[in-house]
Amino acid sequence: MKKIYSIVLFSLSIFFLASCEDFMDIHQEYIEGGEIIYAPKPDSISFIAGKGRILFRCRAYNSPNVKTVNVYWNDGADSLIIPVTFNAGLDSIEQVLDNMPEKSYTFNVRMVDNFGHNSLTVTNFGSSYSDAYLATLNNRRIKNVALTDKGGIIDWYSAPEGLVRNEVRYTKNDGTLAIAQMPEKDYSVTCPDIKAGSFFEYRSLYIPEEEAIDTFATAWVKWEEALPTEYKYDRSDWKVLAVSDETASDGGGMNTLIDDDLSTYWHSQWDGGNAPLPHWAIIDMQSPKKMAKVELYRRPGNTDAKTAQIFVNDKPEADDAGWTKVAEGVFGDGDKLQIDIPSSVVTTKGRYLKIYLPDTNRDPFTSIAEIYVYGK
């Protein structure tokens, strides 16, 4: 029996020895020459798009012994060896890769330490942009152009994808050129001190990717129409102080006279009794205005309003004797009444403006939607 056990143990020993030799054969190629030592690999890498170039960013952690960061692309045919001196802890570098033709790239990055050890390879991707991308860009469309006493006002439609800002190049009153910029999130830009009757140019600037290091500008385009020679006074700080009467539930009340909305209007009183003629409204313009014309709009599709008279005064009281008439006109068939004021008429005798409505086409009712004042 002991002899049988001895034979079995001997056989098992031979089997295990043979297995160990096979195991060592499998790993032999990896341990020849000693244990492989790796340099620290990058903590993170990124490649940021640019115009004919790409920005490389690399972060390393606890890598003070690293000597170079090696970047390879085009299947290793092109490379950049970047000497570095990293501090202990978390540190980073940035390097611009210039002369990069427009296309997408695959980058392989390794770090090499002072002893010549390579790190494991880290792979990431990046793109360079140039004329092909620029050819896909269009200018943001302009919706409206107006001239006010504070400058030119340009309104735009929605921003296309990738837009960063719009730029407007214009001529100032002293003949010099200026550029106004508008971020992509805005829909309107003001060009201060723009010259009346002049032309302006505009362009749009884009980035191809988030965080791109370069912007791409469309060609300057000349707006096809000259600015008006007359400017519309900005009414943002004007106030309607008083009216003779109103029915605020019909049209919105007196403040709609300067809300820039033709669908709202000031209507004379009819609720609880009709207010008799004349009807009037007093507006604080904040300062005297040199007027070239006045535009009045009555309630859309309603012809009640007939004659309109414009007065100015340095006092806001309706019954003050200092009101001076500067304009008068009669509505025609449409909703708009334009009253041109000769330059010989002095309109700067007060900051307060009164709209006076002495008659109507349907006594005693009247309604006015909006009033605009222009200078020249």
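1. A word on what you're looking at. This is a predicted model, where local features need pLDDT of at least 70 and side-chain atom pairs count only at pLDDT 80 or more, while totals for chains, interfaces and linings use all residues. Residues are numbered from 1 along each chain as its sequence is written, and side-chain values use heavy atoms, with hydrogens and water left out.

2. Now the overall dimensions. The radius of gyration (taken over C-alpha atoms) is 39 Å, whereas a compact globule of 376 residues would have one near 21 Å; that globule rule is 2.2 Å times the number of residues to the power 0.38. Along the principal axes, the C-alpha atoms fill a box of roughly 135 × 60 × 35 Å.

3. How much of the protein is buried? Buried residues come to 39% of the 376, with buried meaning under 20% relative accessible area, exposed over 50%, and partly exposed in between (1.4 Å probe, protein chains only).

4. Which residues does leucine 241 touch, leaving aside its neighbours within four places in sequence? Its contacts (heavy atoms within 4.5 Å) are Met254, Ile282, Asp284, Pro316 and Tyr352. Tyrosine 352 is 111 residues away along the chain, yet the C-alpha atoms of leucine 241 and tyrosine 352 are separated by 9.3 Å.
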